Amino acid sequence: MDFSKIFLKDACPTSIGGQAVLDGVMMKGPDRLAVTIRRPDGRLHIRTTPLKKSNKLRKIPILRGVFVFFDSLVTGMSTIMYSADVIADADDEEEEKGKFELWMEEKFGEKAVWNFFMYAAVVVALIVSIGIFILLPTAAVSLLGAITDNHIVLNLAEGIFRMLLFVLYIWAISRMEDIKVTFQYHGAEHKTIHCFEKGLELTPENARQFYTLHPRCGTSFLMFVMVISLILFSLLGWPNLAVRLLSRILLIPVVAGLSYELLRWAGRSDSWLVRILSVPGLWLQKITTNEPTDEQLEVAIASMKAVLVDEDAPFIEGICDLDANLIEEHIVGDRK
């Protein structure tokens with residue numbers, strides 16, 4: 001692993017981050033969020049939406065990480081659902097709505113129904129994730145209580161089991177063909193951000209030279225969560241199962257906040273300590289990112305350029321027939 005290609009010399013770290021979606025890339029800029037999707041016909045579908053203004057609470061260390069964590073869950077789920085809708089519409093695959101959904105739309109409106117299902121999906125995903133990666137490990141490791149009552153050993157076993165479970169899950173889904181493509185878009189997102197932070201012109205040719213690994217990736221954030229939770233939970237000793245389960249749930253915001261601060265620090269520094277702490281997340285990124293094609297880089301570049309426009313630029317939604325390298329000119333042209 002060549003750290004010089006990950007912690008780039010003379011690069012200017014940015015707050016812009018992104019996420020791979022179905023056949024596309026989302027980028028989150030200073031004042032707007034852009035989603036670009038490669039339609040089945042090869043054309044680009046682009047949507048930009050405004051971001052809410054940050055309040056004072058969102059600027060407080062640790063606490064801001066909690067807001068970012070839950071915002072990321074909602075934004076991530078909504079953009080994935082949106083990309084699925086765009087692809088389905090392009091394929092003319094109109095899914096028949098059920099009676100309950102039709103009743104909900106008639107009663108509350110289509111937008112309210114979409115928000116309901118989106119937030120419901122987030123809640124379900126959160127419950128399943130907490131159950132599998134937080135509660136299951138501590139319950140399973142309870143069996144070791146018959147062998148040892150050493151709190152350090154038990155907490156260490158829980159943390160290692162949680163990490164192995166998470167890595168195994170990521171590896172398993174990475175074998176799926178659709179996920180392989182999504183991980184290519186993930187790699188395209190990282191290469192594009194590297195290219196921008198290095199101050200180069202945003203083109204597939206320039207972006208292609210960079211690594212698919214990035215120190216501020218959400219994958220690294222999840223690995224920080226695993227490590228910090230291991231340390232934090234160890235401080236609580238090894239109480240009975242009910243207390244452990246409750247403490248794990250209650251401390252999720254604290255773990256998320258601390259992990260976010262660690263990720264921010266890792267994104268701004270290239271010290272030897274940061275490099276050591278970043279290694280587990282970077283190794284995991286070798287699973288969650290694949291080398292993208294130039295066409296996938298074009299999608300990521302289009303999203304990046306769409307969030308780099310002036311603050312007063314209009315928000316857009318539609319199909320762009322132009323080359324992704326010209327998307328900035330297309331957006332500027334839409335101001336007329």
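## Reading this model

Buried means a relative accessible area under 20%, exposed means over 50%, and partly exposed covers what is in between, using a 1.4 Å probe and protein chains only. With that in hand, take F70: at 34% relative accessibility, F70 counts as partly exposed.

This is a predicted model, so local features need pLDDT of at least 70 and side-chain atom pairs count only at pLDDT 80 or more, while totals for chains, interfaces and linings use all residues. Residues are numbered from 1 along each chain as its sequence is written, and side-chain values use heavy atoms, with hydrogens and water left out.

## Aromatic rings

A pair of aromatic rings is described by the distance of the centres and the angle of the planes. Here, rings of Phe, Tyr and Trp (its six-membered ring) pair if their centres lie within 6.5 Å; planes under 30 degrees apart count as stacked, over 60 as edge-to-face and the rest as tilted. Searching the whole structure turns up five aromatic pairs. One of them joins F69 and F70 edge-to-face, with 5.1 Å from centre to centre and 75° between the planes. F69 is buried, at 16% relative accessibility. Together with F221, F69 and F70 form one aromatic cluster.

Another edge-to-face pair is made by F133 and Y169, at 5.7 Å centre to centre and 65° between the planes. This pair links distant parts of the chain, 36 residues apart: F133 is in helix α3 and Y169 in helix α4 (residues 151-173). Helices (H or I, at least four residues) are DSSP runs, numbered from the N terminus.

## Around T138

Helix α3 (residues 110-141) also holds T138. T138 has a relative accessible area of 0%, so it is buried. Which residues does T138 touch, leaving aside its neighbours within four places in sequence? They are E158, W238, L241, R244, L245 and R248, where contact means heavy atoms within 4.5 Å.

With R244, the side chain of T138 makes a polar contact of 2.8 Å. A polar contact is a pair of N or O atoms within 3.5 Å; within protein, one must be able to donate a hydrogen and the other to accept it, and residues adjacent in sequence count only if both atoms are side-chain atoms. R244 also lies over the face of W238, 3.8 Å from the ring centre. A charge sits over a ring if NZ of Lys or CZ of Arg is within 6 Å of the ring centre and within 35 degrees of the ring normal. R47 is placed over the face of Y82, also at 3.8 Å from the ring centre.

## Salt bridges

Side chains of opposite charge can pair when their charged atoms come close. A salt bridge is a side-chain nitrogen of Lys or Arg within 4 Å of a carboxyl oxygen of Asp or Glu, and the whole structure has 11 of them. Two contacts of T138, E158 and R248, meet in one at 2.7 Å, N to O. E158 lies in helix α4 and R248 in helix α8 (residues 241-250), so the pair ties together parts that are 90 residues apart in sequence. E158 is buried at 1%, and R248 is buried at 0%.

Salt bridges that share partners join R39, D41 and R43 into one network. Within it, the closest N and O atoms of R39 and D41 are 2.8 Å apart.

How values were computed
Helix = DSSP H or I, 4+ residues; strand = E, 2+ residues; numbered from the N terminus.
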